[in-house]
Amino acid sequence: YPSENEYNAFLNQHGGSSNAFTSTQHTNFYFDVAPEFLQGALDRFSQFFVGPLFTESATCREVNAVNSEHEKNLKVDIWRLNQLEKSLGNPKHDFSKFGTGNKETLEEIPKSQNIDTRQELLKFHEKWYSSNIMALCVIGKESLDELVEMTVPLFCDVENKNVTVPEWLEHPFGQEQLKVRVSYC
């Protein structure tokens with residue numbers, strides 16, 4: 001699907017929608033579509049993992065979308081508390097890193113360091129998008145056997161890179177970070 005909006009256009013034309021989110025340990029992509037168009041939607045969806053486009057324009061739009069979401073979350077207490085908790089941890093631990101990203105962290109800072117965000121996304125995809133650490137759940141009106149028959153050929157080309165899921169054996173809150181009192185108003 002050479003058109004970068006093929007997936008969303010297909011979903012929109014067939015009563016569907018899509019979204020994604022990243023939690024502390026997982027990234028989740030999901031969609032819905034009118035039942036008779038499930039196979040077409042799965043075909044387009046599978047290409048995110050088999051042969052992603054990562055065009056310059058899509059990268060730019062995604063940076064702007066992440067920035068918009070970050071700006072929206074600045075005034076939401078749960079996001080503020082989450083970042084407060086991160087800032088109280090060991091600054092050398094990955095837990096303490098900025099959790100969402102914005103235009104500054106995803107575009108301006110990398111650009112100032114001659115880092116191409118798109119190239120970094122491609123490297124990330126190449127390293128981490130491995131079938132051995134992914135899961136797929138498909139719900140449809142078809143029988144389980146029919147769903148398997150429909151799905152497996154579309155996703156069997158997702159490469160198994162034998163990725164080992166990172167582990168952080170050291171807790172983000174060591175002795176220096178404990179016994180800190182914070183008042184939040």
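The model is predicted, so local features need pLDDT of at least 70, side-chain atom pairs count only at pLDDT 80 or more, and totals for chains, interfaces and linings use all residues. Residues are numbered from 1 along each chain as its sequence is written, and side-chain values use heavy atoms, with hydrogens and water left out.

**Overall build**

- The protein chain has seven helices and two strands. Helices (H or I, at least four residues) and strands (E, at least two) are DSSP runs, numbered from the N terminus.
- Along the sequence the pattern reads α-β-β-α-α-α-α-α-α.
- The C-alpha atoms fill a box of roughly 55 × 35 × 35 Å, taken along the principal axes.
- Of the 185 residues in the protein chain, 23% are buried. Buried means under 20% relative accessible area, exposed means over 50%, and partly exposed lies in between (1.4 Å probe, protein chains only).
- Contact means heavy atoms within 4.5 Å. Among contacts between residues at least 6 apart in sequence, 68% join residues at least 24 apart.

**Helix α1**

- Tyr7, Phe10 and Leu11 are the buried residues of α1. Seen down the helix axis, they fall within an arc of 95°, so they line one face of α1. The arc is that of the directions from the helix axis to the C-beta atoms.
- These buried residues pack against β1 (17-22), β2 (27-32) and α2.
- Asn12 and Gln13 are exposed, on the face of α1 turned away from its buried side.
- Gly15 follows α1 and has a positive phi, near 65°.

**Salt bridges**

- Side chains of opposite charge can pair when their charged atoms come close. A salt bridge here is a side-chain nitrogen of Lys or Arg within 4 Å of a carboxyl oxygen of Asp or Glu.
- The structure holds five salt bridges.
- Glu6 pairs with Arg44, with the closest N and O atoms 2.9 Å apart. This pair links distant parts of the chain: Glu6 sits in α1 (residues 6-13) and Arg44 in α2 (residues 38-50), 38 residues apart.
- Glu6 counts as partly exposed, because its relative accessibility is 24%. Arg44 counts as buried, at 14%.
- Lys103 forms a salt bridge with Glu107, with the closest N and O atoms 3.6 Å apart. Both lie in α5 (residues 103-112), four residues apart, about one turn of the helix. Lys103 is partly exposed, at 24% relative accessibility.
- Glu120 and Lys123 meet in a salt bridge at 3.1 Å, N to O. Both are in α6 (residues 117-128), three residues apart, which separates them by about one helical turn.
- Glu120 has a relative accessible area of 36% and is partly exposed. Lys123 is exposed, at 52%.
- An α-helix has 3.6 residues a turn, so residues three or four places apart point the same way.

**Helix packing**

- Two packed helices are described by the angle between their axes and the distance between the axes. Axes are lines fitted to C-alpha atoms, for helices over the stretch in contact, and angles run from 0 to 180 degrees between N-to-C directions.
- The axes of α2 and α7 (residues 144-155) come within 9 Å and cross at roughly 30°. That makes α2 roughly parallel to α7.
- α2 passes α7 in a right-handed crossing. A crossing is right-handed if the near helix is turned clockwise from the far one by less than a right angle, and left-handed if anticlockwise.
- On the α2 side, the residues making this contact include Leu38, Leu42, Phe45 and Phe49. On the α7 side, they include Leu147, Met150 and Leu154.
- Val63, Asn64, Val66 and Asn67 of α3 make the contact with Lys103, Leu106 and Glu107 of α5.

**Glu69**

- Glu69 lies in α3 (residues 56-73). Its relative accessibility is 44%, so Glu69 counts as partly exposed.
- The C-alpha atoms of Glu69 and Gly101 are separated by 9.3 Å, and the two residues are 32 apart along the chain.

Conventions
Angles under 35 degrees count as roughly parallel, over 145 as roughly antiparallel, 65 to 115 as roughly perpendicular and the rest as oblique.
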